[in-house]
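Here's a quick briefing on how two chains come together. Have a look at the model first, then read on.

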Number of protein chains: 2
Amino acid sequence: MKRTSFAADTCPVARAVDVVGDWWSILIVRDALIGRRRFGEFQTGLGVAKNILTDRLRKLVATGVLEQVPAADGGAHMEYTLTDRGRELLPVVVALGQWAAAAGTPITPVDRKSGKPVRLVFRSADGRTLDPRDVRLAAADAG
Amino acid sequence: MKRTSFAADTCPVARAVDVVGDWWSILIVRDALIGRRRFGEFQTGLGVAKNILTDRLRKLVATGVLEQVPAADGGAHMEYTLTDRGRELLPVVVALGQWAAAAGTPITPVDRKSGKPVRLVFRSADGRTLDPRDVRLAAADAG
(Lines give C-alpha, C1' and ligand atoms only; values in the text may rest on other atoms or scores of the structure.)
Protein backbone atom coordinates (compact mmCIF):
# COMPACT_ATOMS: atom_id res chain seq x y z
CA MET A 1 0.00 0.00 0.00
CA LYS A 2 1.46 3.29 -1.10
CA ARG A 3 0.08 6.43 0.43
CA THR A 4 -0.02 9.78 -1.25
CA SER A 5 -1.65 11.81 1.50
CA PHE A 6 -1.59 11.75 5.29
CA ALA A 7 -4.54 14.14 5.60
CA ALA A 8 -6.92 11.61 7.16
CA ASP A 9 -4.29 10.25 9.54
CA THR A 10 -5.25 10.52 13.20
CA CYS A 11 -1.69 11.46 14.17
CA PRO A 12 -1.06 15.22 14.19
CA VAL A 13 2.54 14.71 13.09
CA ALA A 14 1.31 12.97 9.94
CA ARG A 15 -1.26 15.69 9.32
CA ALA A 16 1.42 18.36 9.70
CA VAL A 17 3.57 16.46 7.23
CA ASP A 18 0.69 16.45 4.80
CA VAL A 19 0.20 20.22 4.98
CA VAL A 20 3.80 21.29 4.93
CA GLY A 21 4.39 18.76 2.19
CA ASP A 22 8.13 18.48 1.76
CA TRP A 23 11.40 19.96 2.87
CA TRP A 24 11.37 22.73 0.29
CA SER A 25 8.21 23.94 1.98
CA ILE A 26 9.83 24.12 5.40
CA LEU A 27 12.79 26.03 3.94
CA ILE A 28 10.36 28.47 2.27
CA VAL A 29 8.67 28.94 5.67
CA ARG A 30 12.08 29.50 7.27
CA ASP A 31 12.87 32.19 4.69
CA ALA A 32 9.45 33.81 5.17
CA LEU A 33 10.12 33.87 8.94
CA ILE A 34 13.33 35.85 8.38
CA GLY A 35 11.44 38.34 6.23
CA ARG A 36 11.70 37.16 2.64
CA ARG A 37 8.55 37.99 0.63
CA ARG A 38 9.29 37.98 -3.10
CA PHE A 39 9.51 35.07 -5.52
CA GLY A 40 12.99 36.15 -6.56
CA GLU A 41 14.18 36.37 -2.96
CA PHE A 42 13.05 32.81 -2.25
CA GLN A 43 14.58 31.59 -5.50
CA THR A 44 17.96 33.18 -4.91
CA GLY A 45 18.08 32.24 -1.24
CA LEU A 46 17.12 28.62 -1.74
CA GLY A 47 18.71 27.91 -5.11
CA VAL A 48 15.50 26.13 -6.09
CA ALA A 49 14.20 25.59 -9.63
CA LYS A 50 11.43 28.02 -10.61
CA ASN A 51 8.87 25.31 -11.33
CA ILE A 52 9.41 23.67 -7.94
CA LEU A 53 9.21 27.01 -6.13
CA THR A 54 6.03 27.94 -8.01
CA ASP A 55 4.45 24.63 -7.07
CA ARG A 56 5.41 24.80 -3.38
CA LEU A 57 4.29 28.44 -3.00
CA ARG A 58 0.94 27.57 -4.57
CA LYS A 59 0.53 24.62 -2.22
CA LEU A 60 1.49 26.67 0.86
CA VAL A 61 -1.12 29.30 -0.12
CA ALA A 62 -3.74 26.59 -0.74
CA THR A 63 -3.14 25.07 2.72
CA GLY A 64 -3.29 28.42 4.50
CA VAL A 65 0.36 28.69 5.50
CA LEU A 66 1.17 31.63 3.20
CA GLU A 67 -1.01 34.32 1.67
CA GLN A 68 -0.46 36.52 -1.35
CA VAL A 69 -0.49 40.24 -0.72
CA PRO A 70 0.19 43.29 -2.91
CA ALA A 71 3.83 44.35 -3.03
CA ALA A 72 4.94 46.39 -0.01
CA ASP A 73 6.61 48.93 -2.33
CA GLY A 74 3.42 49.51 -4.35
CA GLY A 75 4.78 47.57 -7.35
CA ALA A 76 2.62 45.41 -9.59
CA HIS A 77 3.94 42.04 -8.38
CA MET A 78 2.50 40.01 -5.53
CA GLU A 79 4.40 39.02 -2.43
CA TYR A 80 4.04 36.17 0.04
CA THR A 81 3.56 36.56 3.77
CA LEU A 82 2.93 34.02 6.47
CA THR A 83 -0.57 33.66 7.84
CA ASP A 84 -1.02 33.31 11.62
CA ARG A 85 -1.11 29.57 10.99
CA GLY A 86 2.13 29.80 9.06
CA ARG A 87 3.88 31.80 11.76
CA GLU A 88 2.97 29.05 14.20
CA LEU A 89 5.44 26.82 12.35
CA LEU A 90 8.25 28.74 14.08
CA PRO A 91 8.85 25.98 16.69
CA VAL A 92 9.21 23.39 13.91
CA VAL A 93 11.87 25.47 12.16
CA VAL A 94 13.66 26.21 15.45
CA ALA A 95 13.55 22.54 16.53
CA LEU A 96 15.18 21.52 13.23
CA GLY A 97 17.76 24.27 13.63
CA GLN A 98 18.60 23.34 17.22
CA TRP A 99 19.01 19.72 16.21
CA ALA A 100 21.61 20.50 13.57
CA ALA A 101 23.10 23.63 15.08
CA ALA A 102 26.84 24.03 15.42
CA ALA A 103 28.68 27.00 16.86
CA GLY A 104 27.78 30.27 15.21
CA THR A 105 24.38 29.10 14.02
CA PRO A 106 23.14 31.71 11.52
CA ILE A 107 19.51 31.46 12.62
CA THR A 108 18.62 32.19 16.21
CA PRO A 109 15.22 32.60 17.82
CA VAL A 110 15.16 35.84 19.82
CA ASP A 111 12.72 37.67 22.08
CA ARG A 112 10.95 40.27 19.90
CA LYS A 113 11.17 42.85 22.67
CA SER A 114 14.67 42.38 24.06
CA GLY A 115 16.32 40.82 21.01
CA LYS A 116 17.96 38.29 23.34
CA PRO A 117 18.22 34.62 22.33
CA VAL A 118 15.57 32.20 23.54
CA ARG A 119 15.55 28.39 23.53
CA LEU A 120 12.92 25.83 22.67
CA VAL A 121 12.58 23.56 25.72
CA PHE A 122 10.20 21.08 27.26
CA ARG A 123 8.31 22.41 30.27
CA SER A 124 6.19 20.52 32.78
CA ALA A 125 2.85 21.82 34.05
CA ASP A 126 4.54 22.93 37.30
CA GLY A 127 7.04 25.04 35.36
CA ARG A 128 10.15 22.85 35.44
CA THR A 129 12.33 22.63 32.35
CA LEU A 130 13.00 19.08 31.23
CA ASP A 131 15.90 17.72 29.29
CA PRO A 132 14.64 16.05 26.07
CA ARG A 133 16.11 12.79 27.42
CA ASP A 134 13.65 12.95 30.29
CA VAL A 135 10.72 13.19 27.89
CA ARG A 136 9.08 10.33 26.05
CA LEU A 137 6.25 10.16 23.53
CA ALA A 138 3.13 8.58 24.90
CA ALA A 139 0.96 7.24 22.09
CA ALA A 140 -2.68 6.67 22.94
CA ASP A 141 -3.15 5.59 19.35
CA ALA A 142 0.07 5.08 17.50
CA GLY A 143 -1.55 6.48 14.36
CA MET B 1 20.02 25.89 -10.39
CA LYS B 2 18.56 22.76 -8.89
CA ARG B 3 19.94 21.49 -5.64
CA THR B 4 20.00 17.87 -4.60
CA SER B 5 21.68 18.23 -1.21
CA PHE B 6 21.65 20.84 1.53
CA ALA B 7 24.64 19.29 3.34
CA ALA B 8 27.00 22.18 2.73
CA ASP B 9 24.41 24.82 3.57
CA THR B 10 25.42 27.13 6.41
CA CYS B 11 21.90 27.10 7.82
CA PRO B 12 21.30 24.36 10.41
CA VAL B 13 17.68 24.02 9.32
CA ALA B 14 18.85 23.14 5.82
CA ARG B 15 21.44 20.70 7.18
CA ALA B 16 18.78 19.02 9.32
CA VAL B 17 16.58 18.74 6.25
CA ASP B 18 19.43 17.07 4.41
CA VAL B 19 19.96 14.44 7.11
CA VAL B 20 16.35 13.63 7.86
CA GLY B 21 15.73 13.60 4.14
CA ASP B 22 12.00 13.57 3.69
CA TRP B 23 8.75 13.25 5.54
CA TRP B 24 8.76 9.48 5.54
CA SER B 25 11.94 9.71 7.56
CA ILE B 26 10.36 11.92 10.22
CA LEU B 27 7.40 9.55 10.48
CA ILE B 28 9.82 6.62 10.90
CA VAL B 29 11.55 8.58 13.68
CA ARG B 30 8.16 9.26 15.28
CA ASP B 31 7.35 5.55 15.24
CA ALA B 32 10.78 4.68 16.65
CA LEU B 33 10.16 7.21 19.45
CA ILE B 34 6.96 5.40 20.43
CA GLY B 35 8.83 2.11 20.53
CA ARG B 36 8.54 0.51 17.11
CA ARG B 37 11.65 -1.46 16.19
CA ARG B 38 10.87 -4.00 13.46
CA PHE B 39 10.62 -3.52 9.70
CA GLY B 40 7.13 -5.01 9.70
CA GLU B 41 5.98 -2.71 12.51
CA PHE B 42 7.09 0.37 10.58
CA GLN B 43 5.54 -0.93 7.39
CA THR B 44 2.16 -1.69 8.95
CA GLY B 45 2.08 1.51 11.00
CA LEU B 46 3.02 3.80 8.15
CA GLY B 47 1.39 2.03 5.22
CA VAL B 48 4.56 2.66 3.24
CA ALA B 49 5.83 0.64 0.28
CA LYS B 50 8.60 -1.81 1.20
CA ASN B 51 11.12 -0.34 -1.22
CA ILE B 52 10.61 3.17 0.15
CA LEU B 53 10.85 1.95 3.75
CA THR B 54 14.02 -0.02 2.97
CA ASP B 55 15.59 3.03 1.37
CA ARG B 56 14.69 5.41 4.21
CA LEU B 57 15.82 3.02 6.95
CA ARG B 58 19.15 2.57 5.17
CA LYS B 59 19.58 6.33 4.88
CA LEU B 60 18.66 6.92 8.53
CA VAL B 61 21.26 4.33 9.59
CA ALA B 62 23.87 5.88 7.27
CA THR B 63 23.30 9.34 8.75
CA GLY B 64 23.49 8.11 12.34
CA VAL B 65 19.85 8.61 13.29
CA LEU B 66 19.03 4.90 13.62
CA GLU B 67 21.19 1.89 14.31
CA GLN B 68 20.63 -1.79 13.62
CA VAL B 69 20.70 -4.07 16.63
CA PRO B 70 20.00 -7.79 17.14
CA ALA B 71 16.36 -8.62 17.81
CA ALA B 72 15.29 -8.03 21.41
CA ASP B 73 13.62 -11.46 21.49
CA GLY B 74 16.78 -13.28 20.38
CA GLY B 75 15.40 -13.92 16.88
CA ALA B 76 17.54 -13.88 13.75
CA HIS B 77 16.21 -10.60 12.35
CA MET B 78 17.65 -7.17 12.99
CA GLU B 79 15.77 -4.31 14.60
CA TYR B 80 16.15 -0.56 14.44
CA THR B 81 16.66 1.69 17.44
CA LEU B 82 17.32 5.40 17.67
CA THR B 83 20.84 6.57 18.38
CA ASP B 84 21.33 9.41 20.89
CA ARG B 85 21.39 11.72 17.88
CA GLY B 86 18.13 10.24 16.67
CA ARG B 87 16.42 10.62 20.03
CA GLU B 88 17.35 14.31 19.93
CA LEU B 89 14.83 14.67 17.09
CA LEU B 90 12.05 14.46 19.68
CA PRO B 91 11.48 18.26 19.72
CA VAL B 92 11.06 18.26 15.92
CA VAL B 93 8.39 15.55 16.11
CA VAL B 94 6.65 17.27 19.03
CA ALA B 95 6.74 20.69 17.31
CA LEU B 96 5.08 19.19 14.23
CA GLY B 97 2.52 17.47 16.43
CA GLN B 98 1.72 20.61 18.43
CA TRP B 99 1.28 22.57 15.22
CA ALA B 100 -1.35 20.20 13.86
CA ALA B 101 -2.80 18.96 17.13
CA ALA B 102 -6.52 18.91 17.69
CA ALA B 103 -8.30 17.76 20.82
CA GLY B 104 -7.41 14.25 21.86
CA THR B 105 -4.05 14.25 20.11
CA PRO B 106 -2.85 10.63 20.01
CA ILE B 107 0.80 11.54 20.61
CA THR B 108 1.73 13.45 23.73
CA PRO B 109 5.16 14.21 25.15
CA VAL B 110 5.26 13.21 28.82
CA ASP B 111 7.73 13.39 31.69
CA ARG B 112 9.48 10.00 31.85
CA LYS B 113 9.31 10.01 35.65
CA SER B 114 5.84 11.32 36.41
CA GLY B 115 4.15 10.40 33.12
CA LYS B 116 2.52 13.83 33.11
CA PRO B 117 2.22 15.83 29.87
CA VAL B 118 4.88 18.41 29.06
CA ARG B 119 4.89 21.16 26.45
CA LEU B 120 7.47 22.46 24.03
CA VAL B 121 7.85 26.19 24.73
CA PHE B 122 10.24 29.06 24.14
CA ARG B 123 12.17 30.13 27.22
CA SER B 124 14.32 33.21 27.71
CA ALA B 125 17.68 33.10 29.49
CA ASP B 126 16.04 34.51 32.63
CA GLY B 127 13.52 31.67 32.70
CA ARG B 128 10.41 33.34 31.31
CA THR B 129 8.18 31.40 28.93
CA LEU B 130 7.48 33.24 25.70
CA ASP B 131 4.55 32.91 23.38
CA PRO B 132 5.76 31.92 19.88
CA ARG B 133 4.29 35.22 18.67
CA ASP B 134 6.79 37.07 20.84
CA VAL B 135 9.68 35.24 19.21
CA ARG B 136 11.29 36.08 15.88
CA LEU B 137 14.09 34.47 13.89
CA ALA B 138 17.23 36.54 13.76
CA ALA B 139 19.34 35.62 10.77
CA ALA B 140 22.99 36.57 10.96
CA ASP B 141 23.44 34.97 7.57
CA ALA B 142 20.19 34.11 5.86
CA GLY B 143 21.83 30.97 4.39
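A:Val93 touches A:Ile26, A:Val29, A:Arg30, A:Leu33 and B:Val13, leaving aside residues up to four places away in sequence; touching here means that C-beta atoms, placed from the backbone, lie within 7 Å. Keep in mind that this is a predicted model, where local features need pLDDT of at least 70, side-chain atom pairs count only at pLDDT 80 or more, and totals for chains, interfaces and linings use all residues. Residues are numbered from 1 along each chain as its sequence is written, while chains are lettered from A and ligands numbered from 1 in the order in which they are written.

**Core**
- A:Val93 is also among the residues that touch the most other members of the largest nonpolar core, a set of 70 residues; the others are A:Val92, A:Leu96, B:Val92, B:Val93 and B:Leu96.
- A nonpolar core is a set of buried Ala, Val, Leu, Ile, Met, Phe, Trp, Tyr and Cys residues joined through C-beta atoms within 7 Å, and buried means 20 or more other C-beta atoms within 10 Å of a residue's own.

**Where the chains meet**
- The contact draws 69 residues from chain A and 69 residues from chain B.
- On chain A's side, α6(A) gives the largest share, with 10 residues; helices are DSSP runs of H or I with at least four residues, strands are runs of E with at least two, and both are numbered from the N terminus.
- That side of chain A splits into 44 nonpolar, 10 polar and 15 charged residues, with Ala, Val, Leu, Ile, Met, Phe, Trp, Tyr, Cys and Pro counted as nonpolar, Asp, Glu, Lys and Arg as charged, and the others, Gly among them, as polar.
- The copies meet through the same surface, because 100% of the interface residues of chain A are interface residues in chain B too.

**Strands**
- Four strands form an open antiparallel sheet in the order β5(A)-β4(A)-β4(B)-β5(B); strands pair if DSSP finds at least two bridges between them.
- β6(A) runs antiparallel to β3 of chain B, joined by five bridges, and A:Val135 sits opposite B:Asp111.

**Confidence**
- Chain A has a mean pLDDT of 83, with 84% of its residues at 70 or more; pLDDT is the predictor's per-residue confidence, from 0 to 100.
- The model scores ipTM 0.81 and pTM 0.82.

Terms used:
Two residues are in contact if their C-beta atoms, placed from the backbone, lie within 7 Å. A residue is buried if 20 or more other C-beta atoms lie within 10 Å of its own, exposed if 12 or fewer, and partly exposed in between; C-beta atoms are placed from the backbone.
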